Amino acid sequence: MGIPKKLKNMNVHVDGAGYLGRASEFEEPVLALATEDYRGGGMLGSVKIDLGLEAMEATIKTGGHEEALIRKFGTTLIDGVRYRLTGAYQSDDGSAAQAIEVYIGGRFTEITPGTSKPGDDTEHEYKVACAYYRRVVNGRTEVEIDMVAG
């Protein structure tokens, strides 16, 4: 049976503080190679030459005002704030859940408070420039990228 694994639960931690019930969404960074076209003599067409990685960015959304996160804006260290996402992906085919952990070192580059209106739902969005990214599935590191240390 082909039932996809879906995120059943998650939590976000920023510098060790948990945001259970307050973090509503987390977008992992896109992993993309920086490439350049190259075509040399005798080649039938161009190929993409690997030049490293594109810059990575993640997004955290919270259900409202989080002053502890706003205070982290302006951190001068390239990886001055540490983020950890924990989640459980599970298929409805009876299989066991997969534990996913994502670790990010970076800093907020943009905070979008969104629209605030009494009685309406609010959402704040925090964009993170990532200097470090690691994704662990069931205790095994699948991807680890340290932009500064290579």
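At 9% relative accessibility, Thr59 counts as buried (under 20% relative accessible area, with exposed over 50% and partly exposed in between; 1.4 Å probe, protein chains only). This is a predicted model in which local features need pLDDT of at least 70 and side-chain atom pairs count only at pLDDT 80 or more, while totals for chains, interfaces and linings use all residues. Residues are numbered from 1 along each chain as its sequence is written, and side-chain values use heavy atoms, with hydrogens and water left out.

Trainee: Which strand holds Thr59?

Mentor: Strands here are DSSP runs (E, at least two residues), numbered from the N terminus. Thr59 falls in the run covering residues 56-62, which is strand S6.

Trainee: Nice! Is Asn11 buried or exposed?

Mentor: Asn11 sits in strand S1, residues 6-14. Its relative accessibility is 12%, so Asn11 counts as buried.

Trainee: How far is the backbone nitrogen of Leu20 from a polar atom of the side chain of Asn11?

Mentor: Start with contacts, meaning heavy atoms within 4.5 Å. Leaving aside neighbours within four places in sequence, Leu20 is in contact with Met10 and Asn11. For the atoms you name, the separation is 2.9 Å.

Trainee: And is Leu20 itself buried or exposed?

Mentor: Good one to check! Leu20 lies in the loop between strand S2 (17-18) and strand S3 (23-27). With 62% relative accessibility, Leu20 counts as exposed.

Trainee: What is the C-alpha to C-alpha distance between Leu20 and Met10?

Mentor: In sequence, Leu20 and Met10 are 10 residues apart. In space, C-alpha to C-alpha, they are separated by 8.0 Å.

Methods:
Helix = DSSP H or I, 4+ residues; strand = E, 2+ residues; numbered from the N terminus. Polar contact = N/O pair within 3.5 Å; in protein donor to acceptor, adjacent residues only side chain to side chain.
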